[in-house]
Amino acid sequence: MVFGKKYSTYMALIDLTDSISECIDTGDVTVGIFLDLAKAFDTVNHKILLGKLSHYGIRGTALDWFCSYLNNRLQYVCVNKVNSSYKQICCGVPQGSILGPLLFLLYINDLPKVSTYFKFIMFADDTNIFAKGKDIDNLVNNINYELEHISKWFGANLLSLNVKKTNYIIFGNKTIPSQKIMLSNTEISRVQETKFLGVIIQEKLNWSCHINLIKSKISKTIGIIYRARHNLPKTCLITLYHSLVEPYINYCNIVWASRKENVHLEKILRLQKRAIRSILFLPRTAHTASSFNRLGILTVYNIYSHQTLLFVYKSLAGMLPKSFCEYFRFRTDIHNYSTRISLNKLYIPRVRTTCRKNMLTVQGPLLWNQLPPIIKSCKSIHMFKKHSKQFLMSV
């Protein structure tokens with residue numbers, strides 16, 4: 001999966017966690033290597049980039065335009081109001097520009113072709129590779145062999161890997177000792193958790209660290225709402241909630257909020273309740289179910305359900321990238337017989353582990369099958385979003 005049109009960070013995380021959970025369910029081991037590129041956008045070599053553009057069919061006047069865009073750029077340093085002399089920039093793509101990310105993507109576009117053994121998940125300069133297998137010793141031997149090709153590619157393209165910040169995780173339910181994984185003749189360290197596209201991912205996919213991070217962030221902003229409630233009208237307090245609290249809970253919620261039994265999610269819900277009571281000047285022990293509905297605010301659990309239902313709707317309607325449009329199947333596609341009960345119902349895969357049960361491929365059909373038929377038949381995503389939210393707030 002790569003950074004591109006119609007792709008979002010949550011899709012990369014869904015793709016990753018689905019693959020890992022499938023391995024856990026079948027007893028396989030997944031090794032994830034999280035690469036850290038040192039100043040990725042600043043080290044793109046112009047000559048190599050222009051050569052790749054030519055290889056991809058950008059030639060003649062178009063290539064001359066890119067050449068003119070990249071060349072003859074100057075830079076200087078200002079310290080204490082004293083300017084250095086100008087120096088010409090011979091590498092790097094202009095950051096903050098529209099073309100910057102696109103040119104970087106074209107530059108690293110051929111990295112996945114170096115090895116067919118790895119699964120690559122690349123999102124802008126966030127590059128990560130994964131491999132799976134039954135036997136850990138054999139898996140590590142293959143990884144080390146293939147990493148030599150990866151290291152050579154980075155060297156040939158004059159990109160620097162920060163080996164000290166590059167690490168790996170062994171995903172799975174089994175306890176496996178640390179392995180000797182080498183990159184650029186340096187052993188990389190094993191970690192139990194790492195930040196991937198803004199979400200802390202752990203070796204057992206339990207999300208406790210990420211949820212605790214969200215808790216610490218929103219508790220501060222809820223304190224702001226509490227202190228401001230005597231000086232601001234209710235409408236402003238609601239705006240503060242939507243601006244300072246909700247984005248943290250919304251971001252990739254579809255990935256990390258799937259475990260209903262996760263006690264850490266209750267901490268998020270308690271903070272949401274605290275915010276609601278602050279906005280409405282309710283006592284500390286007041287029930288908040290009706291207050292959530294009155295303010296049109298979804299709980300952390302309902303946010304997960306809503307995001308999941310929207311994903312299923314988009315998948316079935318062909319509004320997602322092709323790889324996600326085949327995530328779900330109707331029961332009638334699996335069985336040769338159809339009944340009134342199975343009509344418009346999605347097939348729920350059989351799984352062995354709790355980890356796999358909490359994945360989108362299982363939770364999506366479970367939530368979809370609970371929807372009234374009239375909501376499933378909405379003709380537009382706007383109407384489905386509105387009616388599915390109303391349904392979740394009513395149950």
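Colleague: Which residues is Ser 208 in contact with, leaving aside its neighbours within four places in sequence?

Modeller: This is a predicted model: local features need pLDDT of at least 70, side-chain atom pairs count only at pLDDT 80 or more, and totals for chains, interfaces and linings use all residues. Residues are numbered from 1 along each chain as its sequence is written, and side-chain values use heavy atoms, with hydrogens and water left out. Contact means heavy atoms within 4.5 Å. Neighbours within four places in sequence aside, Ser 208 is in contact with Gln 202 and His 264.

Colleague: Is Ser 208 buried or exposed?

Modeller: Ser 208 is found in helix α6, residues 208-228; helices (H or I, at least four residues) and strands (E, at least two) are DSSP runs, numbered from the N terminus. Buried means under 20% relative accessible area, exposed over 50%, partly exposed in between (1.4 Å probe, protein chains only). The relative accessible area of Ser 208 is 13%, so Ser 208 is buried.

Colleague: What does Leu 147 touch, not counting residues up to four places away in sequence?

Modeller: Leu 147 has its place in helix α5, residues 136-156. Its relative accessibility is 2%, so Leu 147 counts as buried. Residues up to four places away not counted, it touches Ile 33, Phe 118, Ile 129, Ile 181, Met 182 and Leu 183.

Colleague: How is α2 placed against α4?

Modeller: The axes of α2 (residues 46-55) and α4 (residues 99-108) come within 9 Å and cross at roughly 80 degrees. Axes are lines fitted to C-alpha atoms, for helices over the stretch in contact, with angles from 0 to 180 degrees between N-to-C directions. Angles under 35 degrees count as roughly parallel, over 145 as roughly antiparallel, 65 to 115 as roughly perpendicular and the rest as oblique. Therefore α2 and α4 are roughly perpendicular.

Colleague: Which residues make this contact of α2 and α4?

Modeller: From α2 come Ile 48, Leu 49, Lys 52 and Leu 53. The α4 side supplies Leu 103, Leu 106 and Tyr 107.

Colleague: How many residues of α12 are buried?

Modeller: Helix α12 spans residues 300-316. It is mostly covered, and of its 17 residues the buried ones number 14.

How values were computed
Expected span 1.5 Å × (residues − 1).
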